[in-house]
Every structure is written in structure tokens, then in C-alpha cells.
Amino acid sequence: MISLSWYLGLSALLFTIGAIGVIIKRNVITIFLCIELMLNAVNLSFVSLSSYFKEISGQLFVFIVMTVAAAEAAVGLAIIISIFRNRASLNVDEADNLKM
Amino acid sequence: MEKLGISYQAILPETILSLVAIAIMMIDAFARRIERKVAGAISLIGLLAAGAALLSLWGKNGETSYSGMIVTDDFRLFFGLIFILVAILILLISLRWVEDEKLPKGEYFALLLFATTGMLLMSAANDLVMIFLGLEITSIATYVLCGYRRNDLRSNESAVKYFILGSYSTAFLLYGIAMLYGASYRATATPVATTNLTLLKERIATGQIYSYEMLFAGAALMLVGFGFKIAAAPFHVWSPDVYEGAPTPITALLSTGSKASAFAAFARVFVLTFALAPVAMNSSGVPGNFQTTITNVLIVMAILTMTIGNFVAMVQTNIKRMLAYSSIAHAGYALVGLAAGDWSSVAFYMLGYVVINIGAFAIIEVIARRGDKRTEISDYAGIGFKSLGLATALSLFLLSLAGIPLTAGFMSKLLVFKSAWAAGANNKFFYYLVVIGVINSAVSWYYYLRVIVAMFFSDSTVEFKAPIISRSLATGLIIAILGTLYLGILPGNILNALERARDRIAMKK
């Protein structure tokens, strides 16, 4: 059997890839996908811990996280569409109206 | 934990608010368009009913319901009443604004109420799952509100930035929750692993933790998540952009309601759970203490937050951006109370900050006019005698933010510094913290006074006509002014109640 630390390690790796992606990527949609990757890395942690402990609440938590992520995606994509309509660009470097 | 503990009374305030919000959306959809006064009146009634429902829970000391998800204690009541006050004030200052800006009315009030529901849940949460849900309900509603002026590029940009950094920080918080869930494992207990804060505290206090590394990692990740939400340095960079671009009443909501609710959850986890359960850390032979480590990190964070907030605020030319940095600095002062482990001083700080800051933003909203056009500090030059009432009220709020005696700002600062000084007996770093805090609040006088000097002692460069103030906004302003003075001159009643509440919760543990 693969030990728990492998799952947790994979989850940490995915989370880090997502976190770095948010910082270095320039397209809003890619950044958004990186955030989704981070959330799913956390879900992997929950599921593996829950199955290792034989305790169900961690897996229930994953359902809540998925629901919230879906709601967030709906709002986020709407926001991205509204800025795209006004600017016709998804590059975050060009969103600099508010710099001092 | 075994029984389900379903109690409709325990979640009555949240239920009322969400039902009222859904009702407003439904009326708006079926009647084609809802009159702003109707929507405003319904929301106001809903908020007052939720406040009454919250008061009906008075006197319960730590009863939990829904399998320990919701807890009813004085902590919840105080913070809950602060959120209701925030929502009522925001409603009053934006009732006319929403009409003038020609924005859709139904959704605006519904979203405001949904955001308040999330805040109430955060203060009532006794489980990390509930904190996460409350936080997300608030965040999703405020993401939309930030971008509510859809044709304004600044508003769009503010919404995108808030959305990306908000979800980014939520992911960190969530990872922290997962780590704490793993750390809580104990094979002989039921349930074997948990996210319930009461059980988590017991397990940390008795030292029966599955892995200290996970406990530390979980606490650190949650610290990052909460740090983002309260805009504490070094996680504050999003807030000036978001505050500047969001419509002014929403900026007021973000800087008071969202911040206070994040502080409520922060205090629930870090003060009422971690700080009350000290334990020696002994894994891999490293001596140390979980509680001291967290306290020291919080002290460093408070120092950084205050200093960065105040010093960067000095060079700002836009008043909303300046108040955003001022808001960062104030999060730093409140963190002083949090680091000292005194949640009652944080609650009082938030109450004071809420009335002052919403008052200040109400005036900025009136002066900015339609489309948030006049928000530069140079726009305020010489308006003092053309619009004496507004300028005087704004001066009062700014002086109170700086901490002039006899106003709420002074009392709340005094209180957090007092509790930090008391905590200095155990940890001498608190003395430095208090000294740095006092120096910082002296520095902050410079940029608050700059606006007052511009208003009264310089010649106007632009044409200025005294704006018309609607009745609802005037009511909100009067509440804010009276609140600022009341909390500064006669804080006795509230302070006594808070002190009793703190002792009661501390005794129960």
C-alpha cells in the first residue's frame, strides 16, 4: 500500500504549482485555473487523510469545497467577462489603472 | 457531539437575513423592477429582525448546536451586532446612491444581506468548515459588489483583483484547515479526526496530537489566509487597489464588515482555540511552545502592518487610497489586541472603527458625486466653508481615526495598547509593540490632518457646489457621529459588558 506521506506530498506539490502559477502567469483565465488547482490539491489532502483515518467528515468537507468552488467559478467568470467587455484584454499586466 | 442538536433558534438571525435577501431578489424578478425605497425598507426590517433574533440568544454561554457547528456565546452576539450595525449603516448611506448611479437595485440589497449572513456565520462558527463557508458567502457577495458599476473600468479592475487574491487566500486557509484536520487525529477518540474547534482545543491542550509539524503548518497557513482577509502586512498589497476602484459604499463595507468578520474568525481560532490551549512542542527534540511561536509571529505582523500602513498612507494623493492604507494601519492596531489574546479589545476596536470609517466614507461618497469622480485630496481644497457641515463631520471622523481623546478612536486604541501592556508581563516583546504602536499613531496624525488643512486653510482650485444630502444618508451620518462620540465619552456600559463576556468565556474553558 502506498503510504499517506506520498499522497500528502503530491498534494503539497500540486498546491505549490498552483500558488506559483498564480504569481507568474499573466492571463486571468490561467490564473483562475491555478487557483482551482490549489483548491483541488487541498481536496486531495482531505480525501487521503480521511481515508487513512477511516473517518468520513474529511470527505464530506470535499463536497462543500467543490460546491463553493463552483459558486466562485460562476462569479469569477462573470467578473472576467465584464472586464473583457470594457477592455478586450485578459492580460493582468494591462490592468494598471489603479496603480499609484 | 453525538446528538445532532438541531435548533432553529440558534440560526434564526442568519435564516431571517437569507430569506429576506431571497425575497427581495424574487420580488425584483417578478415585479420586473423593484422600487429602491421598497427594497431598502424590506432590507432594513430584515436587518432589525435579525438583530432582535440575535438579542433573543442573549445569556447563552457556549451552547452548541448542529453537531457543534454553531456556538452561541457572548463573542458571537457582540460581533453579530457589529455586523448588523455595519449593514444598517451601509444601507442608509447607499439608499440614494444606488438610484443616482442608475444601478440595479434588487440585487444590490440582496447581495448586501447575503454578505451580512456570511459575516454572522463566521462569528457563530465553532467548526473550521463553518468558518470557511461563512467566509466564502461573504467573499462571493462582495466580489460581485466590488464590480457593481459594470461599465466603469476601475470597478471591473477592483473586482478582478479582489476575486483573484480573495480566492488565492481562501486556498491557503483551506490548506491550513486540512492540515489541522490531519493534526487532530487520535485513534482512541470519537471522532478520530475533527475540524471542531472545541475538540481541537482539547486535543492540543492535552498534547495528544497526531503530528506537530502538521499543527504548525496548519496554523501558519491559516495565519496567511486570515492575514489576507484582514489586509495585514505582508499580505496587504491587494487592498489599496481594491478599495480605490470599488464603489465608495462598498469600500466602506469591505474596510469595516469584511475586516471585522475576518477578525472574528481569526480571534475564534487563534485566541479562543489556540491561545487557550498552550502545549509544549516536543517532536524531534526541539523544545518550544506552540502558543509563544504564534504570539511572536502575530507581534511581528502587527508591527509590520502598522508601520507600512501609516508610512505609505502619507504619500497618497487619492483619499480612498489613503483611507485604504489607514485601514491597513488600523488592522495592525487591532492585531496588537489579538496578539495579546484579548478578543474583547479587538471587538471594541472593530465597533469603534466601524462607526468612524463608515461615517468618513459616507462623506467621501457625497463629495465624489456620480461615478466617483472627485476622490483626489486636491478636490477637497477649500471646501471647508462652502460645505461647513460635511467638512466638520469629516474632520471629526479623521481626528477620531488619528485617535483624538473623547472619540471612539482614542478609546479603542487605548484599550488594545492596555491589554498589550498587561500581556507584557509574560512576554517582553509586547512592551516594544506598545511603544511602536504609539509612535505609529503619532505619525498617522500627519496624513489625517493634511486633509483637514486642505479643507479649511487652502484656496479651492476647482469649482465646488455644496452637495445635496439625502435624508437616509443624513440619518446614517448622525448615527455615525453619535456613535463616535458615545464610544469615546461614555464607553463604560459596553466595556463592562465586554469584560464580563470575556471573563465568562475564559472561565468556561
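Analyst: Start with contact: two residues are in contact if their C-beta atoms, placed from the backbone, lie within 7 Å. Keep in mind that this is a predicted model. By that contact cut-off, 36 residues of chain B meet 33 residues of chain A.

User: Which helices of chain B supply at least two residues each to the side that touches chain A?

Analyst: They are α6 (128–146), α7 (153–183) and α10 (238–245) of chain B. The top contributor is α7(B), with 17 residues.

User: What makes up the side of chain B that touches chain A, by class?

Analyst: It has 20 nonpolar residues, nine polar and seven charged.

User: Why is chain A called more spread out than a compact globule?

Analyst: Chain A has three helices and zero strands, in the order α-α-α. Its radius of gyration is 17 Å, while the globule rule gives 13 Å for 100 residues; 17 Å is well over that, so chain A is more spread out than a compact globule. Its C-alpha atoms fill a box of roughly 50 × 25 × 25 Å along the principal axes.

User: And what makes chain B count as compact?

Analyst: Chain B has 19 helices and four strands. The radius of gyration of chain B is 22 Å, close to the 23 Å from the globule rule for 509 residues, so chain B is as compact as a globular protein of that length. Its C-alpha trace spans about 75 × 55 × 40 Å along the principal axes.

User: What share of each chain is buried?

Analyst: In chain A, 31% of the 100 residues are buried. In chain B, 61% of the 509 residues count as buried.

User: How do you know that A264(B) is buried?

Analyst: The cut-off is 20 or more other C-beta atoms within 10 Å. A264(B) has 29 of them within that distance, so it is buried. You'll find A264(B) in helix α11 (residues 248–275) of chain B. Leaving out residues up to four places away in sequence, A264(B) touches F79(B), M122(B) and S123(B). There's also A124(B), 140 residues from A264(B) in sequence but 9.1 Å away in space, C-alpha to C-alpha.

User: What makes a set of residues a nonpolar core?

Analyst: The members must be buried, of the listed nonpolar kinds, and joined through C-beta atoms within 7 Å. The largest set here has 221 residues, and V42(A) and M350(B) have the most contacts inside it. Helix α14 (residues 343–368) of chain B gives the largest share of this core, 20 residues. As background, nonpolar side chains in soluble globular proteins tend to be buried together.

User: Which residues is V42(A) in contact with, beyond its neighbours within four places in sequence?

Analyst: In chain A, they are F15(A) and V65(A). Across in chain B, they are A171(B), L174(B), Y175(B) and A178(B).

How values were computed
Residues numbered from 1 in each chain as written. Chains lettered and ligands numbered in written order. Predicted model: local features only at pLDDT ≥ 70, side-chain atom pairs only at ≥ 80, totals over all residues. Rg over C-alpha atoms; globule rule 2.2 N^0.38 Å. Buried ≥ 20, exposed ≤ 12 C-beta atoms within 10 Å, placed from the backbone. Nonpolar A, V, L, I, M, F, W, Y, C, P; charged D, E, K, R; others polar.
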